[in-house]
There are 2 protein chains.
Amino acid sequence: MSHPFNVTAQSQTTRARAGELKLVHGTIKTPVFMPVGTLASVKSLSPEELKEAGAQIILGNTYHLYLRPGCEVIDLFSGLHRFMNWDRPILTDSGGFQVFSLAKLTKITEEGAAFQSHIDGSKHLLTPEKSVEVQISLNSDIMMCLDQCIEYPAEKEAVRAALEITTRWAKRCKSTWTEKTGGKNALFGIVQGGMFEDLRRQSAEELGEMDFPGYALGGLSVGEPNQMMYDVAEYALPLLPDNKPKYIMGVGTPEDLVELVARGADMFDCVMPSRNARNGQLFTRNGAINISNARFRTDTGPADPECDCYTCRNYSRAYLRHLYMNRELLAYRLNTLHNIHFYIRLMERMRAAITDGEFDAFRRNFHAHWQAR
Amino acid sequence: MSHPFNVTAQSQTTRARAGELKLVHGTIKTPVFMPVGTLASVKSLSPEELKEAGAQIILGNTYHLYLRPGCEVIDLFSGLHRFMNWDRPILTDSGGFQVFSLAKLTKITEEGAAFQSHIDGSKHLLTPEKSVEVQISLNSDIMMCLDQCIEYPAEKEAVRAALEITTRWAKRCKSTWTEKTGGKNALFGIVQGGMFEDLRRQSAEELGEMDFPGYALGGLSVGEPNQMMYDVAEYALPLLPDNKPKYIMGVGTPEDLVELVARGADMFDCVMPSRNARNGQLFTRNGAINISNARFRTDTGPADPECDCYTCRNYSRAYLRHLYMNRELLAYRLNTLHNIHFYIRLMERMRAAITDGEFDAFRRNFHAHWQAR
């Protein structure tokens with residue numbers, strides 16, 4: 001089965017582009033931001049609120065859902081969608097990143113990654129086949145290949161070894177996917193290679209030959225300087241096939257999204273809007289504010305006067321500050337709703353600008369406001 | 001200004017009755033349950049969700065709101081309604097109960113209650129006049145007189161002294177209310193007297209002469225046996241004028257509500273449905289369940305098969321358990337929504353039964369199911 005990606009508009013002066021990607025649970029318009037719903041919930045929000053904010057697709061985390069509630073529970077609902085009451089597309093990561101960052105990794109072999117659960121210390125082996133099988137159980141619209149993500153900085157030989165095992169694992173993921181689903185849901189390959197241009201090229205070529213329905217750049221936003229991330233995107237995104245969606249994993253700030261769309265990225269996910277919301281940070285076109293600031297105590301205006309989200313339509317900064325200072329549960333919800341809305345609107349504005357041939361102007365305007373603070 | 005209360009139906013075999021109470025922000029139908037929104041938020045819920053659950057009136061706490069955010073903030077919004085985005089009636093307590101239970105009470109004199117804030121230790125004096133003034137600032141539809149609530153058990157002379165100061169404070173509350181609002185918003189008197197019938201009678205008579213728009217029984221659910229609470233309600237509710245709404249403060253379980261409506265109570269508030277929801281307890285017609293129970297791990301049915309709330313329409317016990325076990329913020333919200341809905345529907349069912357002359361049958365049926373578990 002095919003997962004057609006159509007580029008519907010292309011900026012003439014940058015690599016920014018607009019597109020449409022057809023998936024099992026619907027067609028998504030790119031560039032797109034995917035809110036993160038690690039444990040089958042975008043923290044504090046209902047599916048209806050996500051839809052009202054314009055979310056087209058959300059993320060689930062394979063590692064977390066494999067451990068809790070476990071596939072035997074998800075299987076009772078024939079996947080994640082009915083379990084969590086979300087009928088639009090879902091992308092799941094492979095679990096690899098969490099095995100390397102969250103679990104106690106015990107051993108990496110050619111076979112897979114042996115780890116101990118961060119919850120109860122139980123022992124597990126995550127193989128490429130297992131990762132795809134779990135994602136099939138989740139019935140993800142977009143599954144990701146198991147990869148080996150490497151930290152920054154790292155020695156070139158270690159980065160090369162990680163990308164090469166990633167390539168071999170990708171082949172096994174693709175075999176499992178083809179055998180077990182006939183390619184019904186999409187499977188994306190993940191390009192590694194760290195901050196080395198020749199290694200990114202090697203990885204892109206090896207994975208490109210496998211003709212995945214889409215490609216991601218992995219191993220970014222792992223501690224490298226911001227400009228270095230932009231540079232990698234600048235040379236690595238063009239190495240990916242232009243007729244496939246290009247996804248940068250785990251990124252980033254609003255500024256990052258604008259700069260990476262300019263370099264040709266189509267898809268993003270990041271915990272920043274939701275996590276920062278829970279820490280009182282609210283995004284506006286002029287930059288971020290922290291609602292705990294004492295100057296908002298008597299501020300009767302909305303969090304962002306230019307925003308039309310539920311939070312900004314109905315509540316003042318004074319009320320949001322009051323809720324936040326008192327750790328009221330509604331605070332996390334109203335803040336998260338605003339930030340998710342902000343991120344999604346930012347993508348929609350970029351898409352419109354690309355379609356209208358005005359992305360350059362949009363980008364300049366964005367930076368002029370964002371820097372103003 | 002008057003706050004007409006019309007009894008629209010009266011059970012022939014019990015004291016249960018249905019009525020309508022006209023308030024500044026709308027007319028409420030009784031018997032009614034009022035969800036508690038201590039800090040200008042019914043924890044985890046939006047005003048829209050409360051309305052969908054059928055909430056007609058909610059509670060705010062004067063003590064908490066006086067300390068945070070403070071009247072100078074609330075005044076910028078001309079009261080609590082616009083501050084918290086709730087346009088239906090609000091009842092506020094006097095702050096007295098919290099001064100006695102939550103704050104560090106330093107001294108009670110004829111003038112009022114001196115206390116130190118539980119937040120920062122700052123010193124305050126809560127007088128009857130001050131309590132009403134704060135509630136005027138909150139623009140509550142129903143304000144409560146400052147009373148002295150006494151613990152159980154207590155010596156009769158202490159109970160008598162508390163009820164007598166409550167009477168004197170009630171006079172001062174009424175004066176302030178009349179002078180400053182012309183009686184626009186309603187002010188309720190609070191009958192004390194502990195578990196002593198003659199003292200309840202004395203209190204009811206003294207307050208009855210003052211002709212308040214409504215009356216509450218205070219000092220219940222303070223540790224006394226359940227049957228004792230029913231007994232007090234049995235003899236004290238008839239002491240209150242029948243043409244006024246009768247409110248039992250801070251009560252209770254679903255069973256309590258049924259038994260107290262049978263004894264003539266019209267209004268209730270309690271943190272139980274919301275607090276217990278946050279502890280994983282969900283109410284059903286057959287009793288309460290705790291969603292953390294392992295048997296719900298693979299239960300694909302709704303929390304309560306007879307319930308039509310948002311939670312039960314859209315989510316399984318397995319999902320609710322998953323969210324709760326992982327301390328996902330959505331858990332508190334979905335659980336709270338269900339319990340608030342359950343309490344409000346219970347009142348609606350009682351009201352319908354009273355109106356249809358079938359309250360006895362309703363009550364028997366309720367207990368048959370509730371005891372079944």
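Which residues does Gln192(A) touch, not counting residues up to four places away in sequence? In this predicted model, the contacts of Gln192(A) are Asp147(A), Gln148(A), Cys149(A), Leu163(A), Thr166(A), Leu199(A), Arg200(A), Ser203(A), Gly218(A) and Gly219(A). Gln192(A) is located in the loop that runs between β11 (186–191) and α8 (197–208) of chain A. Its relative accessibility is 2%, so Gln192(A) counts as buried, the cut-off being under 20%.

Gln192(A) is one of the residues that an unreviewed UniProt entry lists under "binding site". The same annotation includes Asp93(A), Ser94(A), Gly95(A), Gly96(A), Phe97(A), Asp147(A) and Gly219(A). Phe97(A) belongs to helix α5 of chain A. With a relative accessible area of 42%, Phe97(A) is partly exposed.

The "active site" annotation, also taken from the unreviewed UniProt entry, covers Asp93(A) and Asp269(A). They are spread over 177 residues of sequence but cluster in space, with a largest C-alpha distance of 10.4 Å. Asp93(A) sits in the loop between β6 (90–92) and α5 (96–101) of chain A, and Asp269(A) is part of strand β14 (residues 267–269) of chain A. Both are buried: Asp93(A) has a relative accessible area of 9%, and Asp269(A) has a relative accessibility of 8%.

When neighbours within four places in sequence are left aside, Asp93(A) is in contact with Gly60(A), Asn61(A), Thr62(A), Gln98(A), Gln135(A), Met144(A) and Met249(A).

On the scale of the domain, the unreviewed UniProt entry places "domain: tRNA-guanine(15) transglycosylase-like" at residues 15–371 of chain A. This span is 44% helix and 17% strand, and its end C-alpha atoms lie 23 Å apart.

Helix packing was examined for α10 (residues 254–262) and α15 (residues 359–371) of chain A, whose axes lie 11 Å apart at an angle of about 160°. Angles over 145 degrees count as roughly antiparallel, and α10(A) and α15(A) are therefore assigned to that class. Their crossing is left-handed. On the α10(A) side the contact is made by Pro254(A), Glu255(A), Val258(A), Glu259(A), Val261(A) and Ala262(A). On the α15(A) side the contributing residues are Phe359(A), Phe362(A), Arg363(A), Phe366(A), His367(A), Trp370(A) and Gln371(A). By class, this contact comprises eight nonpolar, two polar and three charged residues.

In chain B, helix α13 (residues 317–325) has eight of its nine residues buried, so the helix is largely enclosed by the rest of the structure. The buried residues are Arg317(B), Ala318(B), Tyr319(B), Leu320(B), Arg321(B), His322(B), Leu323(B) and Tyr324(B). Arg327(B), which follows α13(B), has a positive phi near 55°.

Ile165(B) lies in helix α7 (residues 156–181) of chain B and counts as buried at 7% relative accessibility. Apart from residues up to four places away in sequence, Ile165(B) touches Ile108(B), Thr109(B), Glu110(B) and Gln148(B). The C-alpha atoms of Ile165(B) and Thr109(B) are separated by 9.2 Å, the two residues being 56 residues apart along the chain.

How values were computed. Residues numbered from 1 in each chain as written. Chains lettered and ligands numbered in written order. Predicted model: local features only at pLDDT ≥ 70, side-chain atom pairs only at ≥ 80, totals over all residues. Heavy atoms only, no water. UniProt positions renumbered as here; feature names shortened; annotations may be inferred. Helix = DSSP H or I, 4+ residues; strand = E, 2+ residues; numbered from the N terminus. Axes fitted to C-alpha atoms, helices over the stretch in contact; angles between N-to-C directions. Parallel < 35°, antiparallel > 145°, perpendicular 65-115°, else oblique. Left-handed = near helix turned anticlockwise from the far one by under 90°. Contact = heavy atoms within 4.5 Å. Nonpolar A, V, L, I, M, F, W, Y, C, P; charged D, E, K, R; others polar. Buried < 20%, exposed > 50% of the residue type's maximum accessible area, 1.4 Å probe, protein only.
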